[in-house]
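The questions below ask what lies behind the labels given to this model. Each answer sets a value against its criterion.

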Amino acid sequence: MRYRVFGGVFAAPFAFPELRSEPEGPAPDWNLRVAEGPLPSVPSTTVGREQLAAGVEAQLQRTGHGLRLTFDDTGTFDILRGGSEIEWYPASGSDPELVRVDIIGRVLAAASHEQGLLCLHGSAVSIDRVAVGFLAPKGSGKSTLAMALASQGARLLTDDTLPVEPHTCLARPGVHSVRLWNDAAERFASLGDWRLGLSDKRTFDALPDSLIQHDAVPLAALYELVPSSSGELPGKVQRTQRVPAHGAVTLVQHSKLGALLGGAESLRVFDACASIAAAVPVYQLDVTRALDAVDEVAATIMRWHR
């Protein structure tokens, strides 16, 4: 099965409802294979560790053949041949949806890192053929804001993972599947069909093509979301541009792989972030954290970029 993701083609032996099918075309950029037999023991150096949830840790190692990414709950992924080949050694009883989330999140981000891309933890839209990205920790409202912008004429470029080419500052299309809590999902229910997914969130896997940005576009701005309580801001939203050095640090803080990329790998991430921050404005975006304010916030951002 072949799918479009991260500006390329991903081939897998099982279905990914979160991704768009690509039945024909060029050879895949990433091939996923379910490995047979036990995980081979190879010399390795630990690059970094990250606590993902209570009792669940991810560990990234550098081996003589590439990267090895291990999750306590879903298994081990060997990323080989410059990031193009991924071998999965499943953990016993792993949840299929969690496996898919790990693959289209950190596993493909690690494979893309091997290929020279920078993956940021953020959502993004295309407004008049330029990309506008929103960076924030989990639960800060970046997916809701992206859907609000799509409802006002923008096109969804990606949710949760934003792949960027550091030297050209092209933002690639990522995952066109959006997960929202019930109150936000009800607000945007008319945009497309949804299913019940992880954490009882509603997952919009089938947004119409008219709302989707399918090809890479130049990155025009990156915003770090800083939610505020209602009444704390003079308006619903305001932005403050950061100097490039501060912008580079902001991007490092929102690297998709975070603490997993330590040591020499962190220097590569910093160089990529510095290149992007030197060419693309990075803003602090103070927003009123209230669902009834999101349409006004989206309308203001649309005016800034049209």
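**Labels and their grounds**

Q: Which strands does helix H1 lie across, and at what angle does it run to E7?
A: In this predicted model, helix H1 (residues 96–114) lies across strand E1 (2–5), E2, E4, E5, strand E6 (56–63), strand E7 (66–71), strand E8 (75–80) and strand E9 (85–90). Helix H1 runs at about 155 degrees to E7.

Q: What is the strand order of the nine-stranded open sheet?
A: The order is E3-E1-E2-E4-E9-E8-E7-E6-E5, with mixed pairing.

Q: Why do strand E3 and strand E5 stand at the edges?
A: Strand E3 (20–21) and strand E5 (44–53) each have a single partner strand, so one side of each is left without a neighbour in the sheet.

Q: What makes E2 and E4 a pair?
A: Pairing takes at least two bridges. Strand E2 (residues 8–11) and strand E4 (residues 30–34) have two bridges, in the parallel sense. Ala11 stands opposite Asn31 in E4.

Q: How do you know that E7 pairs with E6 and with E8?
A: Against the cut-off of at least two bridges, E6 and E7 have five, in the antiparallel sense, and E7 and E8 have six, also running antiparallel. Leu60 has Leu69 in E7 as its bridge partner, and Phe71 has Gly75 in E8. A hairpin of two residues joins E6 to E7; one of three residues joins E7 to E8.

Q: Why is E7 called mostly covered?
A: Five of the six residues in E7 are buried, and buried means under 20% relative accessible area.

Q: Why is the pair of Tyr223 and Trp304 called stacked?
A: Rings pair if their centres lie within 6.5 Å, and planes under 30 degrees apart count as stacked. The centres of Tyr223 and Trp304 are 6.1 Å apart and the planes are at 20 degrees, so the pair is stacked. The pair links distant parts of the chain: Tyr223 is in strand E18 (residues 217–228) and Trp304 in helix H6 (residues 294–304), 81 residues apart. The structure holds ten aromatic pairs.

Q: Is Tyr223 buried or exposed, and what class does Trp304 fall into?
A: The limits are under 20% for buried and over 50% for exposed, with partly exposed in between. Tyr223 is at 0% and therefore counts as buried. Trp304 is at 28% and therefore counts as partly exposed.

Q: Why does Pro38 count as exposed?
A: Its relative accessibility is 72%, so Pro38 counts as exposed, the limit being over 50%. Pro38 lies in the loop between E4 and E5.

Q: How do you know that the charged end of Arg239 sits over the ring of Trp304?
A: CZ of Arg must be within 6 Å of the ring centre and within 35 degrees of the ring normal. For Trp304 the distance is 4.2 Å. Arg239 also lies over the face of Tyr283, at 4.7 Å from the ring centre.

Q: Which residues have the most contacts inside the largest nonpolar core?
A: They are Phe10, Phe16, Leu222, Leu251 and Ile276, in a core of 54 residues. The largest share, eight residues, comes from H1. A second, separate core of 34 residues includes Leu145, Ala185, Leu225 and Met302.

Technical notes. Residues are numbered from 1 along each chain as its sequence is written. This is a predicted model: local features need pLDDT of at least 70, side-chain atom pairs count only at pLDDT 80 or more; totals for chains, interfaces and linings use all residues. Side-chain values use heavy atoms; hydrogens and water are left out. Helices (H or I, at least four residues) and strands (E, at least two) are DSSP runs, numbered from the N terminus. Contact means heavy atoms within 4.5 Å. Axes are lines fitted to C-alpha atoms, for helices over the stretch in contact, and angles run from 0 to 180 degrees between N-to-C directions. Rings of Phe, Tyr and Trp (its six-membered ring) pair if their centres lie within 6.5 Å; planes under 30 degrees apart count as stacked, over 60 as edge-to-face and the rest as tilted. Buried means under 20% relative accessible area, exposed over 50%, partly exposed in between (1.4 Å probe, protein chains only). A nonpolar core is a set of buried Ala, Val, Leu, Ile, Met, Phe, Trp, Tyr and Cys residues joined through side-chain atoms within 4.5 Å.
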